[in-house]
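Here is a short briefing to read with the model open beside you.

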Amino acid sequence: MDLTPDNRYSRHTSLPQIGEAGQARIRASHVLIVGLGGLGSPASLYLAAAGVGRLTLADFDTVEVSNLQRQVAHTTDRVGQLKTTSARQACLDINPDCRIETLDYALDEDDLDSLVAQCTAVLDCTDNFPTRFALNAACVRARVPLVSGAAIRFDGQISVYDSRQSDAPCYRCLYSDSDNAVDNCAQAGILGPVVGMVGCIQAIEALKLISDIGDSLAGRLVLFDGLTMEWNEIRLGKNPECPVCGSDAAA
């Protein structure tokens with residue numbers, strides 16, 4: 001069995017859009033994934049498999065039996081472990097060459113500012129608005145692209161918020177404090193493969209950003225309906241009154 005790096009990534013390097021140069025960018029990248037549940041599980045596994053050189057996994061929860069229906073980085077024998085520990089092992093089982101760091105505590109503003117500034121891309125795989133808002137603000141301050149996913153019941157949504165683009169909206173352009181009352185998966189339920197699809201698309205968007213290929217979802221929100229198997233896209237505009245990236249915030 002040939003486990004040499006050239007063989008491991010040969011299906012990437014044979015893509016003309018990626019090639020050896022793109023794979024080298026992936027290898028040199030640092031991706032932060034916040035949330036190792038239904039979204040973060042497939043995203044972390046695919047990014048590790050893709051050869052991302054450094055992954056930082058952040059989550060303070062432990063694995064529960066109810067997670068196993070959708071959180072594919074975790075297994076029955078790891079119930080009770082920290083999700084970061086479980087996901088790290090799953091990623092290393094796929095690619096032992098990936099450098100993986102774990103953070104098993106809630107990140108405050110100072111933590112996020114220091115960490116995000118080191119990253120090539122950040123994946124928001126969380127399930128609550130306060131954390132999403134904090135991640136978005138840190139990414140705007142550091143001008144690091146944020147790949148955001150969400151899913152509930154049979155529905156998913158994905159977008160990229162890239163503050164490097166002057167006309168691109170940030171996450172806070174779309175959502176306000178009043179959105180805190182939205183249901184979560186524990187209350188409303190979730191079909192397992194829906195979060196898997198969203199997490200996989202987050203991994204795709206991250207790899208595109210790292211490799212500088214294709215058109216990212218910056219300025220676009222993709223919506224998925226699993227019951228009808230329909231995909232829809234909404235064009236997003238920058239909110240000039242956004243408290244994070246608007247003209248008053250930048251002043």
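How many aromatic pairs does the count come to? In this predicted model, the count comes to 7 aromatic pairs. One of them joins Phe-224 and Trp-231 in a tilted arrangement, with 4.6 Å centre to centre and 40 degrees between the planes.

**Aromatic rings**

**Helix α7**
- Helix α7 covers residues 129–142, and its end C-alpha atoms are 20 Å apart, in agreement with the 20 Å that 14 residues should span at 1.5 Å a residue.
- Its buried residues include Phe-129 and Phe-133, along with Arg-132, Leu-135 and Asn-136.
- Just after α7 comes Arg-143, with a positive phi of about 55 degrees.

**Arg-172**
- You will find Arg-172 in the loop between β6 (155–161) and α8 (185–188).
- Arg-172 is buried because its relative accessible area, 17%, is under the 20% cut-off.
- The charged end of Arg-172 sits over the ring of Phe-133, 4.2 Å from the ring centre.
- Its side chain also reaches the backbone oxygen of Tyr-175 at 3.2 Å.
- Leaving aside neighbours within four places in sequence, the contacts of Arg-172 include Asn-136, Asp-177 and Cys-242.

How values were computed
Residues are numbered from 1 along each chain as its sequence is written. This is a predicted model: local features need pLDDT of at least 70, side-chain atom pairs count only at pLDDT 80 or more; totals for chains, interfaces and linings use all residues. Side-chain values use heavy atoms; hydrogens and water are left out. Helices (H or I, at least four residues) and strands (E, at least two) are DSSP runs, numbered from the N terminus. The expected span of a helix is 1.5 Å times one less than its number of residues. Buried means under 20% relative accessible area, exposed over 50%, partly exposed in between (1.4 Å probe, protein chains only). A polar contact is a pair of N or O atoms within 3.5 Å; within protein, one must be able to donate a hydrogen and the other to accept it, and residues adjacent in sequence count only if both atoms are side-chain atoms. Contact means heavy atoms within 4.5 Å. Rings of Phe, Tyr and Trp (its six-membered ring) pair if their centres lie within 6.5 Å; planes under 30 degrees apart count as stacked, over 60 as edge-to-face and the rest as tilted. A charge sits over a ring if NZ of Lys or CZ of Arg is within 6 Å of the ring centre and within 35 degrees of the ring normal.
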